[in-house]
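User: I want to go through the labels attached to this model and see what each one rests on. Please give me the value and the cut-off each time.

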Amino acid sequence: LRYKFNLKGNKMDNKNQQTIDASMIIKIIYKNKFLIALTTIIVVILSTAFVFVNKSFKSDITLYGNDKVLTEIGENSQSSLNSFDFYSYLKKNSKTLRNVNLPEDKFFKEMTTRLTAQSENNDPTVKVKFTTNNKTEGENFAKEYPALAQGYLLERKNNFLDTQIKLLEQQYSFLTQNIDIRTTKDSLTDTLVSRLAYYRLLRNDSNPVVKYVNSITKPALNKKLVIAGSLFLGLFLGILIAFMKEFSTTLDWEDIKKRKN
């Protein structure tokens, strides 16, 4: 019976303790409501000022890659459009980028942080992100980028196919001088002939290697989201400061100083 009574008593004590703790929290918050409100207002004002002073923009560009051709020529749209070779192509051919006059190493370093292309496995869609401090540059580059990407990948495609076709034509010429390919049933000869015909077909294919889908240029920061986040951050900091202020009064600073000495 004594055990049951103590157990019941402990439960009552815990309940009272929880009530006291909750009551104390509410009292601290109420007592420091002006401090919490002031902290929140300051954080919101600073965040709002930062949002409106910040002039960074981002351009989202969506392309559709011709995976059939890209795979055949050994290219991957994501790795190809993030390569230093492509950045070099941009430096030489872009009419809208404002940093093309930078030394090559500085241009590469800057572009790797400002321009990225991403695509999922087995998904021909390529999502490109470009950041800038100039809205006009962002809008103009978003329009120019698809043509630059197409020009670069088309050049890679043609170089690859020209090399392969030349090699296959040499092999084909050698075979025709030694055997009658119309009657032969050699599998290697059949493969060579079909591969040569396929590469010639790809070489003459006028479909783009990458195709423009859409683009949009907008501020890099979402004003509403930043301001809403600053409101919660301000409340959190205000409450934290209030508790630190309250509990600092319970500390024996003289005793702490003696312990340090």
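Analyst: What follows takes the labels one by one. Keep in mind that this is a predicted model.

User: Start with the overall layout. How many helices and strands does the chain have?

Analyst: The chain comes to 10 helices and 4 strands. Along the sequence, the pattern reads α-α-β-α-α-α-α-β-β-α-α-β-α-α. Of its 261 residues, 30% count as buried. Among contacts with a separation of 6 or more, 78% are between residues 24 or more positions apart.

User: Now helix 5 and helix 6. Why is helix 5 called roughly perpendicular to helix 6?

Analyst: The axes of helix 5 (residues 84-93) and helix 6 (residues 104-114) cross at roughly 110°. The range for roughly perpendicular is 65 to 115 degrees. The angle falls inside that range, so helix 5 is roughly perpendicular to helix 6. The two axes come within 10 Å. The crossing is right-handed.

User: Which residues make the contact between helix 5 and helix 6?

Analyst: Helix 5 brings Phe 84, Tyr 87, Ser 88, Leu 90 and Lys 91. Helix 6 brings Glu 104, Phe 107, Phe 108, Met 111 and Thr 112. By class, this contact has 6 nonpolar, 2 polar and 2 charged residues.

User: Which residues of helix 5 are buried, and what covers them?

Analyst: The buried ones are Phe 86, Tyr 87, Ser 88, Tyr 89 and Leu 90. Their cover includes helix 4 (77-80), helix 6, strand 2 (115-118) and helix 7.

User: On to charges. What makes Asp 60 and Lys 129 a salt bridge?

Analyst: Their closest N and O atoms are 3.4 Å apart. The cut-off is 4 Å between a side-chain nitrogen of Lys or Arg and a carboxyl oxygen of Asp or Glu. The distance is within that cut-off, so the pair counts as a salt bridge. Asp 60 sits in strand 1 (residues 57-65) and Lys 129 in strand 3 (residues 125-132), 69 residues apart. By this rule the count comes to 8 salt bridges.

User: How do you know whether Asp 60 and Lys 129 are buried or partly exposed?

Analyst: Asp 60 has 17% relative accessibility. Buried means under 20%, so Asp 60 counts as buried. Lys 129 has 42%.

User: What makes Arg 156 and Asp 85 a salt bridge?

Analyst: The closest N and O atoms are 3.2 Å apart. That is within the 4 Å cut-off, so Arg 156 and Asp 85 count as a salt bridge. Arg 156 lies in helix 7 (residues 135-178) and Asp 85 in helix 5, so the pair ties together parts 71 residues apart in sequence. Arg 156 has 33% relative accessibility and counts as partly exposed. Asp 85, at 41%, also counts as partly exposed.

User: What is the N to O distance for Arg 114 and Glu 137, and are these residues buried or exposed?

Analyst: The side chains of Arg 114 and Glu 137 meet at 3.3 Å, N to O, in a salt bridge. Arg 114 lies in helix 6 and Glu 137 in helix 7, so the pair ties together parts 23 residues apart in sequence. Both Arg 114 and Glu 137 are buried. Elsewhere, salt bridges that share partners join Glu 75, Asp 85 and Arg 156 into one network.

User: Next, helix 7 and helix 8. At what angle do their axes cross, and what classes of residue make the contact?

Analyst: The axes of helix 7 and helix 8 (residues 187-203) cross at roughly 145° and come within 9 Å. The crossing is left-handed. Helix 7 contributes residues including Phe 160, Leu 161, Ile 165 and Leu 168. Helix 8 contributes residues including Leu 192, Val 193, Leu 196 and Tyr 199. The contact has 11 nonpolar, 4 polar and 6 charged residues.

User: Last one. Why is Tyr 64 called partly exposed?

Analyst: Tyr 64 has 41% relative accessibility. That lies between 20% and 50%, so Tyr 64 counts as partly exposed. Tyr 64 is in strand 1. Leaving out residues up to four places away in sequence, Tyr 64 touches Pro 124, Thr 125, Val 209, Val 210, Lys 211 and Val 213. Tyr 64 and Asn 214 are 150 residues apart in sequence and 9.8 Å apart in space, C-alpha to C-alpha.

Methods: Residues numbered from 1 in each chain as written. Predicted model: local features only at pLDDT ≥ 70, side-chain atom pairs only at ≥ 80, totals over all residues. Heavy atoms only, no water. Axes fitted to C-alpha atoms, helices over the stretch in contact; angles between N-to-C directions. Helix = DSSP H or I, 4+ residues; strand = E, 2+ residues; numbered from the N terminus. Parallel < 35°, antiparallel > 145°, perpendicular 65-115°, else oblique. Left-handed = near helix turned anticlockwise from the far one by under 90°. Contact = heavy atoms within 4.5 Å. Nonpolar A, V, L, I, M, F, W, Y, C, P; charged D, E, K, R; others polar. Buried < 20%, exposed > 50% of the residue type's maximum accessible area, 1.4 Å probe, protein only.
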